Amino acid sequence: MADSFIARNKDSILVGKSTVTRWDYEQGLMLKAIEKVWYRTGEGKYFEYIRKDIDQYVKEDGSIRTYKFDEFNIDNIPTGRALLTLYQQTQPDKEKYKKAADQLWKQLEQQPRTKEGGFWHKKRYSNQMWLDGLFMGEPFAAEYSMLFSHPEHFDDIANQFALIEKYAVDEKTGLIYHAYDESREQPWADKKTGRSPNFWGRAIGWYAVALVDVLEYFPQDHPKRAELIRYLQRLAPVLAKYQDKQSGLWYQVIDQGARKGNYFEASASCMFVYALAKGARLGYIPATYAKNAKTGYDGILKNFIEKEGDGSISLNKTVSVGGLGGTPYRDGSYEYYLSEPIRKNDLKGVGPFIFASVEMEIAAENAVGKNKKVALDYFFNHEFRKSATGKEEPFHYTWEDRQHSGFWLWGNTFRELGAQTVSVPAAPNAENLKGIDLYIIVDPDTKKETANPNFIQPKDIAAIEKWVKAGGVLMLMANDTSNCEIPHFNQLAKVFGIEFTNRNRNMVQGLQFEQGRLDIPASDKAIFKTAGKIYIKELSPLALTGAAKSALTDHGDIILGISKYGKGTVFAVGDPWLYNEYLDGRRIDTSFENFEAGKDLAEWLLKQVVKK
């Protein structure tokens, strides 16, 4: 679907029947969908599509073409999520994306509010909170707050959801009305409650998507986090109740079933599948809701997806719009929601379809890592840089680092396989390794990299050896000899019959990537079931003794080593070759399959875990 969308929108995104491009929430929705496909595939073309689209709008000073600050339209915020994605990547002009995102943040700071602090949907929609607005504003606000250290704003984000729960949720059905008017002045507003008259499927879908997406960025220890999860737990059984049992889909006016004129609507169905699947995967709601998501997704494929003659696919049955007030006036009646046109390949359906598809792909393969914990060492590798807020932050082979120097993308692979990723910021001992199934040590620091490096000590080796013997899986990733503290690292490796040699190979000059080429023999797919051609540069070959065996040998050099030790397993390689720069498709030749290799290896490592 992503490729079909790009083929239809080759160099820019046109929304609806518009003939000119503009900064628009549908654009932001699609760019987030494309980003999800980039993370799923490691294909750089998806990143480039996002960058090229945004660069048509954002100037060097951070100003945004066609964006009008003084409209205070919360629909203008979602594309800000793409700005945050671009800012977190390694590129020379990243600061302009931060400046543009700052404008959107400033809009939220000055956005008109209800008396209790709820964002007006637009300046001209005074005193009104719409469900759509939660999706438009809050995921961006949460990610921005996390990135740029605004912890005080998470209370405000939680309050936006709390106000909807307080004023828009129907006491009888648990469904949520499209909007409420605090002033009770709008003709569509109930004079007693301020609520709009009906339950529109996509409006509730926006709210559900907003909940699961905001939780990605909400601090684990924030007291309001549990409240957001409870809102999703309240909503999930309601969505299941109103899911059509035969088709698995949801209606345009969600509670009216087969009433004359009502129909199964694509965008709402895709949003509900996404929210239920993601919520179940991340443990916010019971795992049983994954079945509702699967049934819904099967219904989407059967009823809405159309294969075109050119090989592309289309999504049918998305309602073009749904609103309240305005000119001509939209009264929120049942008849109104059925009067809006239904479109093919409307972006408000296509984007959520991609969201849902990604979640269903993850659901099909995440059992391998279930209840397993993958830990990355932050003690021996302990480098820091200044963050955007001027504070010191760890970087270089960390889960959090999304720039080329980080392991975020490989960590995402582990998470999509069902595992939990954590860090070990202190020296390894029995307590710090407790509950960890896979422990990864990467490129221990030299004095050149860190003023006071933590060298691996005999007590560290003893603790790790005992942990492996009991069933732990240890991965050792060195680096070329000039960038890695090899002597102490080798004292650990030698316990398992592995040694990083003092030679370097695959010395790549400039962009001559073939100099870093390694081929996985077609006859040897024990670890790399899909990858055949990989890229590792400036690596230290291995020397093996005892029970240690080669997992890949090239021209007489042992590249990858495996050692079975007690109940555990040790895997070693002489380079941290799975960091973002060599997985995300933006750097090396597309013929290399490092992304696929990283996933193959992650699956293999997780399967070696012996639960203690």
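This is a predicted model: local features need pLDDT of at least 70, side-chain atom pairs count only at pLDDT 80 or more; totals for chains, interfaces and linings use all residues.

Colleague: How many aromatic pairs does a search of the whole structure find?

Modeller: Two rings count as a pair if their centres lie within 6.5 Å. Searched over the whole structure, the model gives a total of 39 aromatic pairs.

Colleague: Take the rings of Tyr535 and Tyr582: is the pair stacked, edge-to-face or tilted?

Modeller: Planes under 30 degrees apart count as stacked and those over 60 as edge-to-face, with the rest called tilted. The ring centres of Tyr535 and Tyr582 are 5.2 Å apart and their planes stand at 45 degrees, so this pair is tilted.

Colleague: How many residues apart in sequence are the parts that Tyr535 and Tyr582 tie together?

Modeller: Tyr535 belongs to strand β15, residues 533-535. Tyr582 sits in the loop between β19 (568-573) and α17 (594-607). The pair therefore ties together parts whose separation in sequence is 47 residues.

Colleague: Are Tyr535 and Tyr582 buried or exposed?

Modeller: A residue under 20% relative accessible area counts as buried. Tyr535 has 2% relative accessibility, and Tyr582 has a relative accessible area of 4%. Tyr535 is therefore buried, and Tyr582 is also buried.

Colleague: What kind of pair do the rings of Tyr535 and Phe592 make?

Modeller: Phe592 is buried, at 7% relative accessible area, and lies in the loop between β19 and α17. Its ring centre is 5.4 Å from that of Tyr535 and the planes are at 70 degrees, so the pair is edge-to-face.

Colleague: Which residues form one aromatic cluster with Tyr535?

Modeller: Tyr582 and Phe592, discussed above, both belong to that cluster. Along with Tyr535, the cluster holds Tyr397, Trp399, Phe407, Trp410, Phe414, Phe513, Tyr579, Tyr582 and Phe592.

Colleague: Which residue lies over the face of Tyr57?

Modeller: For a charge to sit over a ring, NZ of Lys or CZ of Arg must be within 6 Å of the ring centre. Lys36 lies over Phe355 in this way, at 4.9 Å. Over the face of Tyr57, at 4.5 Å from the ring centre, lies Arg65.

Colleague: Which backbone oxygen does the side chain of Asn454 reach?

Modeller: Asn454 is in the loop between β11 (438-442) and α15 (458-469), and at 23% relative accessibility it counts as partly exposed. Beyond its neighbours within four places in sequence, Asn454 contacts Phe379 and Phe380. At 2.9 Å, its side chain reaches the backbone oxygen of Phe379.

Methods:
Residues are numbered from 1 along each chain as its sequence is written. Side-chain values use heavy atoms; hydrogens and water are left out. Rings of Phe, Tyr and Trp (its six-membered ring) pair if their centres lie within 6.5 Å; planes under 30 degrees apart count as stacked, over 60 as edge-to-face and the rest as tilted. Helices (H or I, at least four residues) and strands (E, at least two) are DSSP runs, numbered from the N terminus. Buried means under 20% relative accessible area, exposed over 50%, partly exposed in between (1.4 Å probe, protein chains only). A charge sits over a ring if NZ of Lys or CZ of Arg is within 6 Å of the ring centre and within 35 degrees of the ring normal. Contact means heavy atoms within 4.5 Å. A polar contact is a pair of N or O atoms within 3.5 Å; within protein, one must be able to donate a hydrogen and the other to accept it, and residues adjacent in sequence count only if both atoms are side-chain atoms.
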